[in-house]
Amino acid sequence: AGTQPNAGRTACEGCDTGTYSASGSTCADCVTAGFHTPDGEQCVVCAAGTTPNSGRTGCVDCADGFAGTGGLCTQCAAGTSPTAGRASCADCAAGKAGVGGECDQCTDGSEPNTGRTSCVPCNDGTAGVNGGCSDCGAGTQPNAGRTACEGCDTGTYSASGSTCADCVTAGFHTPDGEQCVVCAALSLIHTDAADEEDSLVLGRL
């Protein structure tokens with residue numbers, strides 16, 4: 001095995017690179033897609049995650065962004081990248097997105113879109129870092145870069161964690177930055193009662 005008779009059949013000669021002979025007869029090309037001949041004696045498939053080298057004498061890892069089995073490597077679809085052994089493709093990890101079989105970390109203030117093919121700014125009312133966005137709580141709003149939540153300024157409020165708005169309606173106030181509510185009538189009633197009492201006192205004089 002691994003040899004064939006020379007032209008004059010006076011001796012046996014080794015098979016050329018990329019060819020094989022399992023029986024000592026004619027050396028044949030090992031050209032089946034995904035196959036290689038490591039010893040010139042057999043033509044066998046490459047392991048998962050690998051593909052034949054240029055001379056088909058061995059196998060090499062699938063290229064970056066590629067994965068496959070049967071000695072064949074194909075580029076991973078957008079939003080996916082090769083698994084550790086490059087035998088298959090898997091969704092980009094949390095906080096990452098990309099195309100061409102490669103996933104990149106999203107910048108602070110952004111997160112992957114639904115298909116994980118690109119990064120998009122955090123939605124209204126959310127903020128975060130490392131490719132993850134979380135809801136801002138009542139009384140806060142996302143900062144300019146949407147990397148963190150910040151408290152509403154004095155006199156403004158946010159009930160949903162979105163943009164802080166001015167509490168300017170006549171007679172209203174914001175006691176906690178989370179709501180804009182009308183002032184209680186008690187203080188007005190108390191003032192009227194006091195004025196009435198003052199009138200009674202004056203009347204007696």
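These legends describe close-up views of a predicted model. Residues are numbered from 1 along each chain as its sequence is written, and side-chain values use heavy atoms, with hydrogens and water left out. Because the model is predicted, local features need pLDDT of at least 70 and side-chain atom pairs count only at pLDDT 80 or more, while totals for chains, interfaces and linings use all residues.

**View 1. The disulfide between Cys 46 and Cys 59.** A search of the whole structure finds 11 disulfides. A disulfide here is a pair of cysteine sulfur atoms within 2.5 Å. Cys 46 and Cys 59 form one of them, with an S to S distance of 2.0 Å. The torsion about their S-S bond is about -85 degrees, so the disulfide is left-handed. Cys 46 sits in the loop between strand E6 (44-45) and strand E7 (50-52), and Cys 59 belongs to strand E8 (residues 59-61), so the bond ties together parts 13 residues apart in sequence. Helices (H or I, at least four residues) and strands (E, at least two) are DSSP runs, numbered from the N terminus. Cys 46 is buried, at 3% relative accessible area. Cys 59 is partly exposed, at 31%. Buried means under 20% relative accessible area, exposed means over 50%, and partly exposed lies in between (1.4 Å probe, protein chains only).

**View 2. The disulfide between Cys 62 and Cys 73.** The two sulfurs are 2.0 Å apart. A torsion of about -70 degrees about the S-S bond makes this disulfide left-handed. The pair links distant parts of the chain, 11 residues apart. Cys 62 is in the loop between E8 and strand E9 (66-67), and Cys 73 is in the loop between E9 and strand E10 (74-75). Cys 62 is buried, with 1% relative accessibility. Cys 73 counts as partly exposed, at 21%.

**View 3. The disulfide between Cys 122 and Cys 133.** The S to S distance is 2.0 Å. The S-S torsion is about -70 degrees, so the bond is left-handed. Cys 122 lies in the loop between strand E16 (119-121) and strand E17 (126-127), and Cys 133 lies in the loop between E17 and strand E18 (134-135), so the pair ties together parts 11 residues apart in sequence. Both Cys 122 and Cys 133 are buried.

**View 4. Cys 12, a cysteine in no disulfide.** The nearest cysteine sulfur is that of Cys 27, 9.9 Å away. Cys 12 is exposed, with a relative accessible area of 63%.

**View 5. Cys 183, a cysteine in no disulfide.** The nearest cysteine sulfur belongs to Cys 167, at 8.5 Å. Cys 183 counts as partly exposed, at 42% relative accessibility.

**View 6. The salt bridge between Arg 86 and Asp 64.** The structure holds two salt bridges. A salt bridge is a side-chain nitrogen of Lys or Arg within 4 Å of a carboxyl oxygen of Asp or Glu. In this one, the N to O distance is 3.0 Å. The pair links distant parts of the chain, 22 residues apart. Arg 86 is in the loop between strand E11 (80-82) and strand E12 (89-91), and Asp 64 is in the loop between E8 and E9. Arg 86 is partly exposed, at 24% relative accessible area. Asp 64 is exposed, at 52%.

**View 7. The salt bridge between Arg 146 and Asp 124.** The side chains meet at 2.9 Å, N to O. Arg 146 lies in the loop between strand E19 (140-142) and strand E20 (149-151), and Asp 124 lies in the loop between E16 and E17, so the contact ties together parts 22 residues apart in sequence. Arg 146 is partly exposed, with 25% relative accessibility. Asp 124 is exposed, with a relative accessible area of 61%.

**View 8. Arg 9, with a positive phi.** Arg 9 is not a glycine, yet its phi is about 55 degrees. Arg 9 is placed in the loop between strand E1 (3-5) and strand E2 (12-14). This arginine is exposed, at 69% relative accessible area.

**View 9. Asn 130, with a positive phi.** Asn 130 is not a glycine, and its phi is about 55 degrees. Asn 130 sits in the loop between E17 and E18. This asparagine is exposed, with a relative accessible area of 55%.
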